[in-house]
Amino acid sequence: MNMQEVIDENDEKLTSLKKEFGDDDEVYKAVIRASNELNEYNPSGRYPVPELWNPLEGRKASLKEGVSHILKLWKLNKRKRDATHIFSDSIDEFIHDWEDT
C-alpha cells in the first residue's frame, strides 16, 4: 500500500494565501512545491533537510557537481595558503638579511 499526502485546496492558510496574492499563482505553487518536497525527503517529521543546490540553473545539484565545487574551493584555498607561505618566507628572509647588515 502506497500512501500519499493530498493537499487540501480549502485549507484556511492556503485560501488566505490565494486571497492575499490574488491571481499570482506562482506564490501558491511555490508553497505547494515546498510542502511536497518536505514530505518527499522526510515524511515523518516535516523538517527541512540540507540539499545541494545549483542556483545558476535553479535545480538540485548532482553529486558530481557538488564534489566538483568542493574540489575547486579546496584548490583555490590551497593556492592561497601556498602563496601566503611564499610571501611569509620572503619576509622572513628579508628581515634576516636586514638584521645581518
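This is a predicted model: local features need pLDDT of at least 70, side-chain atom pairs count only at pLDDT 80 or more; totals for chains, interfaces and linings use all residues.

Q: What percentage of the residues in the chain is buried?
A: Of the 101 residues in the chain, 10% are buried. The term requires a relative accessible area under 20%.

Q: Which secondary structure elements does the chain hold, and how do they run from the N terminus on?
A: The chain comes to three helices and two strands, and their order from the N terminus is α-α-β-β-α.

Q: What makes Glu 57 and Arg 59 a salt bridge?
A: The closest N and O atoms of Glu 57 and Arg 59 are 2.8 Å apart. The criterion asks for a side-chain nitrogen of Lys or Arg within 4 Å of a carboxyl oxygen of Asp or Glu, so the pair qualifies.

Q: Why is Glu 57 called exposed, whereas Arg 59 is called partly exposed?
A: Glu 57 has a relative accessibility of 52%. Exposed means over 50%, so Glu 57 counts as exposed. Arg 59 has a relative accessible area of 30%, which lies between the cut-offs of 20% and 50%, and Arg 59 is therefore partly exposed.

Q: How do you know that Glu 57, Arg 59 and Glu 65 belong to one network?
A: Arg 59 also meets Glu 65 in a salt bridge, at 2.8 Å from N to O. Salt bridges that share partners join Glu 57, Arg 59 and Glu 65 into one network. The whole structure holds two salt bridges. Glu 65 is itself partly exposed, at 28% relative accessibility.

Q: Why is Leu 52 called partly exposed, and where is it found?
A: The relative accessibility of Leu 52 is 44%. This value lies between 20% and 50%, so Leu 52 counts as partly exposed. Leu 52 is found in the loop between α2 (25-41) and β1 (53-54).

Q: Which residues make the nonpolar surface patch?
A: Leu 52, Leu 63, Val 67, Leu 71 and Trp 74 make this patch of about 510 Å². Membership requires over 30% relative accessible area, and Leu 52, at 44%, therefore passes that cut-off.

Q: What is the distance between the charged end of Lys 18 and the centre of the ring of Tyr 28?
A: The charged end of Lys 18 sits over the ring of Tyr 28, 4.6 Å from its centre.

Note on methods. Residues are numbered from 1 along each chain as its sequence is written. Side-chain values use heavy atoms; hydrogens and water are left out. Patches are made of residues with over 30% relative accessible area and no salt bridge: like charges are joined within 9 Å, nonpolar side chains (Val, Leu, Ile, Met, Phe, Trp, Tyr) within 5 Å. Accessible areas come from the Shrake-Rupley method with a 1.4 Å probe; for residues, only the protein chains shown count as cover. Helices (H or I, at least four residues) and strands (E, at least two) are DSSP runs, numbered from the N terminus. Buried means under 20% relative accessible area, exposed over 50%, partly exposed in between (1.4 Å probe, protein chains only). A charge sits over a ring if NZ of Lys or CZ of Arg is within 6 Å of the ring centre and within 35 degrees of the ring normal.
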